[in-house]
Amino acid sequence: EAEIQNLQQEVYSIENQELEADEERIEISESAEFWEQTCLQEEQRVNFEAIHAMELRRGFEAEIQNLQQEVYSIENQELEADEERIEISESAEFWEQTCLQEEQRVNFEAIHAMELRRGFEAEIQNL
């Protein structure tokens, strides 16, 4: 009877160890599933953020291109304005020079006319 009791005690102990091992396997399995699910969620979050970052980058690149095009356009307009100012300046210088030459010509003719008048007046007095 003592032997039976020892064997029963041993069977009970083995069954208890098996139950504890089963519980431990269940806990490990649940823990593994939890961490697998957590990893999948984190992977999805990271992928979403990566996609969002790529979209932002594309948007920024497009905006940078637009701004570069705008800068190019403004620089082009500035060059055209500079060329126009040069042309206006050259034109103003040309007309200023032309006016000075015309003024000199008119002054020369006025002096010549005054000399002729004096000559005519002297001739008239002599007559």
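The model is a predicted one, in which local features need pLDDT of at least 70 and side-chain atom pairs count only at pLDDT 80 or more, while totals for chains, interfaces and linings use all residues. Residues are numbered from 1 along each chain as its sequence is written, and side-chain values use heavy atoms, with hydrogens and water left out.

The chain holds one helix and zero strands; helices (H or I, at least four residues) and strands (E, at least two) are DSSP runs, numbered from the N terminus. Along the principal axes, the C-alpha atoms fill a box of roughly 185 × 15 × 10 Å. The radius of gyration of the chain is 54 Å, whereas a compact globule of 127 residues would have one near 14 Å; this radius is taken over C-alpha atoms, and the globule rule is 2.2 Å times the number of residues to the power 0.38.

The accessible surface of the chain comes to about 12300 Å², and 55% of that surface belongs to carbon and sulfur atoms. Such areas come from the Shrake-Rupley method with a 1.4 Å probe, and for residues only the protein chains shown count as cover.

The chain carries 8 positive and 36 negative charges, whose mean positions are 23 Å apart. Here Lys and Arg count as positive and Asp and Glu as negative, while His and the chain ends are not counted; the place of a charge is NZ of Lys, CZ of Arg, CG of Asp or CD of Glu.

On the surface, Glu20, Glu23, Glu24, Glu27, Glu30, Glu33 and Glu36 gather in a patch of negative charge, and Glu23 is found in helix α1, which spans residues 2-126. Patches are made of residues with over 30% relative accessible area and no salt bridge, like charges being joined within 9 Å and nonpolar side chains (Val, Leu, Ile, Met, Phe, Trp, Tyr) within 5 Å. A nonpolar patch on the surface is formed by Leu56, Phe60 and Ile64, which together have about 300 Å² of accessible area. Leu56 also lies in helix α1, and this residue counts as partly exposed because its relative accessibility is 40%.

The count of salt bridges comes to eight, a salt bridge being a side-chain nitrogen of Lys or Arg within 4 Å of a carboxyl oxygen of Asp or Glu. Three of them are listed here.

| Salt bridge | N to O distance |
|---|---|
| Asp22 and Arg25 | 2.2 Å |
| Arg105 and Glu102 | 2.3 Å |
| Arg105 and Glu109 | 2.5 Å |

Asp22 and Arg25 both lie in helix α1, three residues apart, which is about one turn of the helix; Asp22 counts as partly exposed, at 34% relative accessibility. Arg105 and Glu102 are likewise separated by about one helical turn, because they stand three residues apart in helix α1. Arg105 is partly exposed at 36% relative accessibility, and Glu102 is partly exposed with a relative accessible area of 38%. At 42% relative accessibility, Glu109 also counts as partly exposed, and because Arg105 and Glu109 are four residues apart in helix α1, about one helical turn separates them. Elsewhere, salt bridges that share partners join Glu42, Arg45 and Glu49 into one network.

Key. Buried < 20%, exposed > 50% of the residue type's maximum accessible area, 1.4 Å probe, protein only.
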